[in-house]
Number of protein chains: 2
Amino acid sequence: MSELYEMLKPHLDKTYALNVALTMLSFDNSTAAPKNAIENTSKAIGLLSGEHYNALINEDVKRLLKELSTEQEQAFLSFEEKAIVKKLNKEFKQTAAIPPEEFQAFQILLAKAYPIWESAKNKNDYASFAPTLEEIIRYSKKFASYNQEEDQKLYDVQLDDYEEGFNMEILDGFFSKLRSALVPLVHKVNEKENAIQTEFLSQDYEIDKQKNFCRFLAEYIGFDFNRGVIAESEHPFTTELHNHDVRITNHFQKSQPDFSIFSVIHESGHALYEQGIDDAITMTPIGQGTSMGMHESQSRFYENNLGRSLPFWTPIYSRLQELFPKQLETVSLEQFYRAVNHAHSSLIRTEADELTYPFHIMIRYEIEKLIFEGNIPASELPAIWNQKYQEYLGVCPTTDTEGILQDMHWALGSFGYFPSYALGSAIAAQIYHHLKTVMPLDTYLEEGNLKPIQAYLNEHIHRFGGAKNTQELLKDMTGEPFNPDYYISYLTDKYTALYDL
Amino acid sequence: MSELYEMLKPHLDKTYALNVALTMLSFDNSTAAPKNAIENTSKAIGLLSGEHYNALINEDVKRLLKELSTEQEQAFLSFEEKAIVKKLNKEFKQTAAIPPEEFQAFQILLAKAYPIWESAKNKNDYASFAPTLEEIIRYSKKFASYNQEEDQKLYDVQLDDYEEGFNMEILDGFFSKLRSALVPLVHKVNEKENAIQTEFLSQDYEIDKQKNFCRFLAEYIGFDFNRGVIAESEHPFTTELHNHDVRITNHFQKSQPDFSIFSVIHESGHALYEQGIDDAITMTPIGQGTSMGMHESQSRFYENNLGRSLPFWTPIYSRLQELFPKQLETVSLEQFYRAVNHAHSSLIRTEADELTYPFHIMIRYEIEKLIFEGNIPASELPAIWNQKYQEYLGVCPTTDTEGILQDMHWALGSFGYFPSYALGSAIAAQIYHHLKTVMPLDTYLEEGNLKPIQAYLNEHIHRFGGAKNTQELLKDMTGEPFNPDYYISYLTDKYTALYDL
């Protein structure tokens with residue numbers, strides 16, 4: 001046992017406790033808080049955020065981390081403690097590299113930027129947002145440069161921030177394969193628009209029954225209601241206080257039952273990850289999923305690879321039919337399966353299907369690269385955006401509202417975040433392929449027996465939290481690092497069969 | 001403007017922000033949190049509580065408060081700032097008087113005491129709780145002695161803590177009037193058990209419809225849903241983050257519609273107080289109702305004085321009948337009014353009716369006096385309890401579970417709290433009498449026009465928060481200090497008429 005580590009713990013505990021408070025207030029704000037509460041409550045949130053920052057970024061912690069990083073001290077640390085010190089060192093270095101007055105100025109800029117973006121989006125007025133975006137880009141690049149290592153490209157700083165060990169070299173390889181293999185496929189699928197019937201999904205589905213079914217689905221997948229709850233919010237999300245309190249939200253619309261159904265499967269995938277974190281690390285800095293990309297791999301694995309497969313629905317489709325006899329009586333399992341996999345190019349990322357989704361990400365990735373490496377001014381971005389949509393997806397936005405203004409990410413200063421979404425899908429496909437080699441996956445699904453799947457993911461991914469990074473987890477589980485080939489094959493095979501190409 | 005006061009503000013803001021976090025977590029724990037969350041979450045709560053304590057109880061604040069209390073500095077303070085400094089001085093003095101190691105030992109004792117009490121209650125085994133209660137009493141008396149002023153009785157320290165300006169002299173006067181005027185009335189009412197029909201209230205009332213009606217009632221009374229929400233919990237309560245986020249909870253039982261109906265009226269009374277706090281003081285130490293007793297006066301005024309009156313139901317009873325035609329079609333307004341005022345001695349305080357309720361409190365008050373002033377050992381308390389129930393209410397518990405073990409208050413170390421409940425009813429009656437002299441109260445009720453009532457209470461009570469204490473509020477509004485005579489007359493008149501005595 002390390003005495004120095006014992007001295008670090010009170011700092012970690014305080015940081016954790018304040019994080020619980022902030023998470024709780026944020027969850028409440030999205031689910032329960034009254035309309036007019038936020039103005040007052042945000043003052044408290046601001047103060048708690050400041051306390052949270054100071055609990056970690058201070059001279060005591062700096063000194064302790066330095067001493068704990070020496071070879072001599074590392075010998076006293078457990079595997080998990082080493083991972084915690086490593087993670088804190090990274091966070092500390094990143095944050096401490098930014099002068100506090102610049103950090104604060106950026107926070108103020110971001111607070112103003114969000115409503116400016118929102119209003120620009122509502123009014124289809126990109127010009128009113130461009131100067132603010134330009135400022136956000138300037139700060140983001142400056143902050144990245146503070147953390148830039150020798151020979152490191154600026155955008156790679158951002159990418160490594162969201163997904164440790166990933167960079168443009170890996171992503172360029174990934175996306176170029178995607179482009180060459182799948183752009184032609186997308187165009188072919190687009191031409192067969194009417195090959196799949198989906199009208200029955202636009203009828204009215206009673207919301208109470210949707211709720212019941214979604215609760216059943218969460219439990220079916222393995223969500224533990226003794227250690228989690230489902231709430232409602234405008235946009236579905238997952239959040240957690242610790243491994244015994246994981247919360248997913250859902251959103252219900254009468255004439256779009258597939259939205260709530262696949263949302264709850266998606267969020268349950270996230271939730272299994274968080275509920276599966278080992279008790280020993282849950283309330284520590286490595287007590288959460290290791291990265292955005294790995295988290296998204298778990299949600300998409302359940303939503304798409306399992307949830308949109310025929311074997312998944314084989315044992316439970318009749319239950320859905322019984323709940324909605326009027327709407328589904330005459331719809332076969334096969335028809336339902338085909339409908340929830342209908343693909344077609346569209347303009348809005350969050351509404352995109354499994355096949356076209358990664359191209360929405362590729363476009364954002366290419367633009368972020370141009371921003372960070374090409375110094376393109378903000379004013380020129382909409383034209384590039386529209387041209388890329390035309391090229392890859394064959395559709396072109398007629399307004400910036402349904403074009404470059406659709407996502408809030410850049411208004412929040414999140415550059416390098418988007419690729420995680422596509423990586424998530426690709427990692428999910430790699431895991432899916434691997435699982436098929438180690439267990440009779442489809443048989444399990446057809447038998448309604450999802451426990452062995454969850455157990456395997458828990459054993460090789462979930463329980464480790466942030467103690468291993470994505471590449472380490474993949475290598476230890478599948479024997480190879482990230483490999484996008486499985487994703488390309490998966491999409492090609494699935495959509496070639498579905499559309500009879 | 002006082003520069004010293006400006007220096008105090010960051011401490012107040014931090015204390016407030018941590019209080020928001022703790023309130024939120026506590027509300028969530030009672031309404032939404034999953035079953036197995038609390039063990040982990042309580043670690044975070046413990047840490048935040050420690051931060052909350054340290055944010056106020058520290059040398060900086062001590063020095064600032066001392067300097068702000070000088071005559072010279074007071075001249076620079078506003079009315080509200082003076083009230084804040086006064087309140088903080090009191091809190092600081094009380095807390096600082098207790099040696100930290102004793103305070104902590106007491107907290108540990110209390111944490112253990114709650115499950116011991118719970119188990120003793122479940123098993124009807126007072127003996128297993130008595131030694132713990134003895135310890136709690138020993139600490140409570142010791143802590144009271146630290147804050148005892150010269151010539152002050154020990155129990156008066158406790159009473160003043162919950163209700164500034166109140167002591168045994170006032171309460172002895174109050175309860176002796178109650179005893180002599182109302183014990184005979186209670187006995188007479190008990191003899192006429194069957195004079196009022198209540199069976200129709202034990203039928204099945206659909207819970208969804210109860211919920212709808214309770215939401216309507218909250219709004220009808222004046223609850224602002226833009227600045228508040230209703231949730232569900234095991235026991236109804238009211239809590240708040242600030243005046244724009246006030247939360248009430250309710251609990252629904254199929255065969256007891258009057259429970260949810262009068263609970264929502266009660267909690268809405270609390271909520272109007274908190275929603276009515278002035279914007280200028282909401283997030284400060286005086287930004288809440290001034291005391292337990294005054295708070296309870298607002299909830300009981302709405303629940304009993306208004307809510308259980310005939311004029312209140314005149315404009316809205318038909319709405320309830322329409323919701324529940326099967327159950328209420330043949331029940332007249334007058335019958336409904338009589339049923340919700342049915343009185344009869346019983347053993348459980350929380351289930352007591354308006355007439356017998358204060359005697360449950362009187363018994364606890366007299367026992368607390370014996371504890372603090374008479375040094376009665378814990379082992380002798382059950383016999384005293386039972387004898388007093390027999391004497392005042394004419395009923396005698398056959399088990400301690402429905403006797404002395406029924407309330408959690410003493411297990412929580414809350415001595416001096418109970419009287420606030422009875423004071424609340426008495427203050428409510430005083431306000432009710434006063435309102436009848438300044439406005440056509442019954443006419444407003446019959447017209448379904450509750451706004452002028454809320455406006456008057458806001459003008460004279462709510463908006464001040466803790467800037468004035470109970471006696472000051474009563475004097476400024478009604479022209480006289482606390483006067484229990486109105487309560488005695490109110491109950492006498494109401495129940496004499498109801499039971500035709």
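Predicted model: local features only at pLDDT ≥ 70, side-chain atom pairs only at ≥ 80, totals over all residues.
Two strands are taken to pair if DSSP finds at least two bridges between them. A:Thr239 has A:Arg247 in β3(A) as its bridge partner. The strands β2(A) and β3(A) form a hairpin, with two residues between them.

Taken together, the three strands of chain A form an open sheet with the order β1-β3-β2 and mixed pairing. Helix α11 (residues 257-275) of chain A lies across β1, β2 and β3 of chain A and runs at about 165° to β3(A).

The burial of strand β3 (residues 245-250) of chain A was examined next. Six of its six residues are buried, so the strand is largely enclosed by the rest of the structure. In a regular strand the side chains alternate between the two faces of the sheet. Both faces of β3(A) are covered: A:Asp245, A:Arg247 and A:Thr249 are buried on one side, and A:Val246, A:Ile248 and A:Asn250 are buried on the other.

In chain B, attention turns to a pair of helices. Two packed helices are described by the angle between their axes and the distance between the axes. For helix α11 (residues 257-275) and helix α12 (residues 292-306) of chain B, the packing angle is about 135° and the axes are 7 Å apart. Angles over 145 degrees count as roughly antiparallel and those from 65 to 115 as roughly perpendicular; α11(B) and α12(B) are therefore oblique to each other. Their crossing is right-handed. The α11(B) side of the contact consists of B:Phe262, B:Ile265, B:His266, B:Gly269, B:His270, B:Leu272, B:Tyr273 and B:Glu274, which meet B:Met294, B:His295, B:Glu296, B:Gln298, B:Ser299, B:Arg300, B:Tyr302 and B:Glu303 of α12(B). The residues of this contact divide into six nonpolar, six polar and four charged.

B:His409 is located in the loop between α18 (381-393) and α19 (418-438) of chain B. With a relative accessibility of 9%, B:His409 counts as buried. When residues up to four places away in sequence are not counted, B:His409 touches B:Arg349, B:Ser414, B:Tyr417, B:Phe418 and B:Tyr421.

Most residues other than glycine have a negative phi. A:Asp500, by contrast, has a positive phi of about 55° although it is not a glycine. A:Asp500 is found in the segment after α23 (485-498) of chain A and is exposed, with a relative accessible area of 66%. In chain B, the phi of B:Asp500 is near 55°, likewise a positive value in a residue other than glycine. B:Asp500 lies in the segment after α23 (485-498) of chain B, and at 64% relative accessibility B:Asp500 counts as exposed.

Definitions and conventions: Residues numbered from 1 in each chain as written. Chains lettered and ligands numbered in written order. Heavy atoms only, no water. Axes fitted to C-alpha atoms, helices over the stretch in contact; angles between N-to-C directions. Helix = DSSP H or I, 4+ residues; strand = E, 2+ residues; numbered from the N terminus. Parallel < 35°, antiparallel > 145°, perpendicular 65-115°, else oblique. Left-handed = near helix turned anticlockwise from the far one by under 90°. Contact = heavy atoms within 4.5 Å. Nonpolar A, V, L, I, M, F, W, Y, C, P; charged D, E, K, R; others polar. Buried < 20%, exposed > 50% of the residue type's maximum accessible area, 1.4 Å probe, protein only.
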